[in-house]
Amino acid sequence: MEGGVFGASPGLSGPADFAGLLKRQGLYPAAGSFYPAAGSFYPAAGSFHPMAGAVHGVPAGERPIETQATTILAFKFADGVLMAGDRRATAGNTVVYDRADKVLEIDRHSLMAIAGVPATAWEMARVLEHSFQFYRRTQLQEMSLDGKVRALSKLLRDNFGFVMQGVGIVVPIFATYDTAAAAARLYFYDAMGAQFEAADYAVSGSGSPAVRSILYYANTWDAKMLKDLKREEAVVLALRALDTAAETDTATGGVDRRGRVYPIVKIVSGEGISTLSDEDLATTFQREVR
């Protein structure tokens, strides 16, 4: 996760990140202090499972903080911002649902993609939606861009206690269309609520390394930069990226060819939000990807 608390190198002697500092001070949650037993049910699409793949008694300092079991992406293209996410929901290493919605509409020009515990993430989305509605109805105008971005940041910051307990991590992506500047804007966050504006693309989740590489390659060496892609070209790239992530990350659903389950793909632009239907995605996938 760019700019976040993830990916610390345990061999570093200095405070590489906040989680590393907690480990060195002996304040990181000990094994078994907050977490259910291994094998307990985690009803999560992209849930944070500190004991996944671990054995009881492993020192807490050897368990990394990471987002697991999802892949979400967003990038700017010619018409606005495309946001997409796989559909797989997991409980530990068990697939419990293959039609989870991880790309959520917040208002007429704002989208939020979630990586993390869905119960927490969906509640954040509901609070954010109602906050935007309340402001619009009481002030008779839309909340400012800065207000929207910081509202999500505050929700993440207020949730950090649950993050440290290992039961509520959320690392979202937020996209909106700034009507005042007539431009699409894209932001990503870390688990503590720090916000970063993405120039071209943002990714999160366990399959994000593969997707980040694909988007970097496409933006740097393809014939067209991401911002110059047409709508269908952008959709093809998103489908290919998620399908590639699913090849190496078992927690990412990708495209279920037999079950005909496709990722959620939404676009935010000056005209508002549009959702690509499964029929449109199937046609594009059969023609351009398969």
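**View 1. Helix H5 passes helix H6 in a right-handed crossing.** Right-handed here means that the near helix is turned clockwise from the far one by less than a right angle. Two packed helices are described by the angle between their axes and the distance between the axes. In this predicted model, the axes of H5 (residues 208-221) and H6 come within 8 Å and cross at roughly 145 degrees. Axes are lines fitted to C-alpha atoms over the stretch in contact, with angles from 0 to 180 degrees between N-to-C directions. Helices are DSSP runs of H or I with at least four residues, and strands are E runs of at least two.

**View 2. Here are the side chains where H5 and H6 meet.** H5 brings Ala210, Val211, Ile214, Leu215 and Ala218 to Leu237, Ala241, Thr244 and Ala245 of H6. Eight of the residues in this contact (heavy atoms within 4.5 Å) are nonpolar, one is polar and none is charged.

**View 3. Helix H7 (residues 278-289) has its own set of buried residues.** They are Leu281, Ala282, Thr284, Phe285 and Val289, where buried means under 20% relative accessible area with a 1.4 Å probe, protein chains only. These residues pack against H6 (231-248) and strand S11 (264-269).

**View 4. Ala89 sits in strand S3 (residues 89-91).** Ala89 counts as buried because its relative accessibility is 7%. Its C-alpha atom is 9.0 Å from that of Pro118, 29 residues apart along the chain.

**Notes.** Residues are numbered from 1 along each chain as its sequence is written. Local features need pLDDT of at least 70, side-chain atom pairs count only at pLDDT 80 or more, and totals for chains, interfaces and linings use all residues, while side-chain values use heavy atoms, leaving out hydrogens and water.

Methods
Buried means under 20% relative accessible area, exposed over 50%, partly exposed in between (1.4 Å probe, protein chains only). Ala, Val, Leu, Ile, Met, Phe, Trp, Tyr, Cys and Pro count as nonpolar, Asp, Glu, Lys and Arg as charged, and the others, Gly among them, as polar.
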